[in-house]
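Notebook open, model loaded. I want to look up one residue first and then step back to the whole chain.

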Amino acid sequence: MADRKMTQLAAPEAAIASYLDDLLQTATSSAREDEPVIQEPASVAEPVVVATPEPVRVVAEPALTPEPEPTGGPDKYEAEPPARPDWSGEPFECLIFTVAGLQLAVPLVLLGAVHRIEEEIRSLPGSPRWYMGIRPDRDHNLRVVDTAEWIMAGRVPEGVRDNYRFVIRLDNSEWGLACDEVAQSFTLKPEEVKWRTARSKRPWLAGTVVDHMCALIDVRTMAHLLARAEQEHHLDLS
């Protein structure tokens, strides 16, 4: 009985650890993806005399209309974002927050606000799993994202939403990320971040901070992906 209980407790932690390892692996291996492949020079063959063939009449076939590209999800971006955000050149302040045990960080310069969840956020019927609903505010309505569903789809432990206590607003956008806890802020030097050089996969992930075991979010790219997903799902969030 005790072994079964320990297994139930360990399963979510194992999923989170696996995902964090994947994030770290993505950041550290992305540089190798851009390395040019050096090919061995091809051997030069002896010239061969070939008889001139009879001319062949070529009939042009009608051009085929290309099939439309499928719409992308959270990890798709129509144009790969810059390798490093514009705020990454100098030391910058960051805020760490946690989602289902995973530590994420956002630069304070693009942190719109931190709101406490005081009332239940109800989702719209037919909305995707990653969309929690609207958090009304005096100035504007904030679209709240189930952060775990958005970035950990397929690896989300049960009951994640029960632990959400705060919403992190992304810059001056209408989007906010739900989270469990908000931790300390700290200063990062650019060389302390493992920046990603290729971001066709998980374009919202700017890099990882190994010393703090956290993933650094590209706030503008994340907000762009969410706004595009809203259009693709035809969500009426007004």
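Is Asp218 buried or exposed? I checked, and Asp218 is buried, at a relative accessible area of 6%. My cut-offs are under 20% relative accessible area for buried, over 50% for exposed and partly exposed in between, using a 1.4 Å probe and protein chains only.

This is a predicted model, where local features need pLDDT of at least 70, side-chain atom pairs count only at pLDDT 80 or more, and totals for chains, interfaces and linings use all residues. Residues are numbered from 1 along each chain as its sequence is written, and side-chain values use heavy atoms, with hydrogens and water left out.

Next I looked up where Asp218 sits: in the loop between β11 (214-217) and α3 (219-232). Helices (H or I, at least four residues) and strands (E, at least two) are DSSP runs, numbered from the N terminus. Contact is heavy atoms within 4.5 Å. Neighbours within four places in sequence aside, I find Asp218 touching Pro85, Arg199, Pro203, Trp204 and Ala206.

Then the whole chain. I get three helices and eleven strands, in the order α-β-β-β-β-β-α-β-β-β-β-β-β-α. Of the 238 residues, 39% are buried.

Last, confidence. pLDDT is the predictor's confidence in each residue, from 0 to 100. The chain averages 76, and 63% of the residues score at least 70. Where pLDDT is low, the predicted coordinates should not be read in detail.
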